[in-house]
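Dear colleague,

Please find below the structure that I am handing over to you. My notes on it follow directly after.

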Amino acid sequence: MTENLTPTPTVADPRLILALDQPTIADAMALVDRLGDSVSFYKIGLQLLPIGGMELCAKLKAAGKQVFLDYKLHDIPATVEKATVSICGAGADLLTVHAEPAVMRAAAQGRANSSLKILGVTVMTCYDDAMLAEMGYAMKARDLVFRRVEQSLEAGIDGVVASAQEAAEIREKFGDGFLIVTPGIRPAGSDAGDQKRIATPANALADGATHLVVGRPIHAAENPAAAARAIAAEMAQVSR
Ligand code: C5P
């Protein structure tokens, strides 16, 4: 494991975010080293946050990378606001919160004038209509997604996490001017894994995504840097 990451010139596509879904910080650092300048933006999620993810964030920032902290905050507004203030101190670039109005307003308040951008997770993609009904919601998942996009914009946060399929309709209904960060990306011919609503990198961008979150197609590849460069080359054909 490399103790500190060497600063690298950013030649990567800044719209490509690598999901650091790794079991240990050492594995994550080794992957970042292998990727070199092919990736400049990393997502640290719940797997790594409890075991040193914030220290990893600081190292990535010191190495000139951008960092997306996928906390999916959901708590009383005072706590969300204070958590957001603490997270701002780490210099991260993106943070997720659940897209409930009070939660989003608290996060917007907490980040104040910092450069941290906040994304709302509208409806978790593992929920379908039946699960929402079981939870007591009288809305279909699709309608709840659109309602929460509208509420995200009203709350003054910077965008949402959405599938590529949702992205096209979100752009149609709510226009441009906010971020849509899209997981479930699979280059043509690659394994879908457990993702159901997948899109190719070019299609997701054409549908209105501003950033793509990619995990296994890069980190499970024999040559992750080459896989990242191939995805970036496909992305470069679409400018939005
Ligand atoms: O390996 P894969 O490309 O499927 O990884 C996608 C990343 O995006 C994972 O970190 C996963 O947790 C995240 N994600 C997702 N679907 C969502 C929200 C986040 O796949 N709706």
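The side chains of lysine 61 and aspartate 93 form a salt bridge with an N to O distance of 2.8 Å; the term denotes a side-chain nitrogen of Lys or Arg within 4 Å of a carboxyl oxygen of Asp or Glu. Because lysine 61 belongs to helix H2 (residues 53-62) and aspartate 93 to the loop between helix H3 (77-88) and strand S4 (94-98), the pair ties together parts that are 32 residues apart in sequence. Helices (H or I, at least four residues) and strands (E, at least two) are DSSP runs, numbered from the N terminus. By the salt-bridge rule the count is 10.

This is a predicted model, in which local features need pLDDT of at least 70 and side-chain atom pairs count only at pLDDT 80 or more, while totals for chains, interfaces and linings use all residues. Residues are numbered from 1 along each chain as its sequence is written, and side-chain values use heavy atoms, without hydrogens and water.

I turn now to the ligand. Oxygen atoms of the ligand make polar contacts (pairs of N or O atoms within 3.5 Å) with three side chains: aspartate 21 at 2.8 Å, lysine 43 at 3.1 Å and arginine 216 at 2.7 Å. Strand S8 (211-214) and helix H9 (216-219) are the elements that give two or more residues to the shell around the ligand.

Yours sincerely

Conventions:
A polar contact is a pair of N or O atoms within 3.5 Å; within protein, one must be able to donate a hydrogen and the other to accept it, and residues adjacent in sequence count only if both atoms are side-chain atoms.
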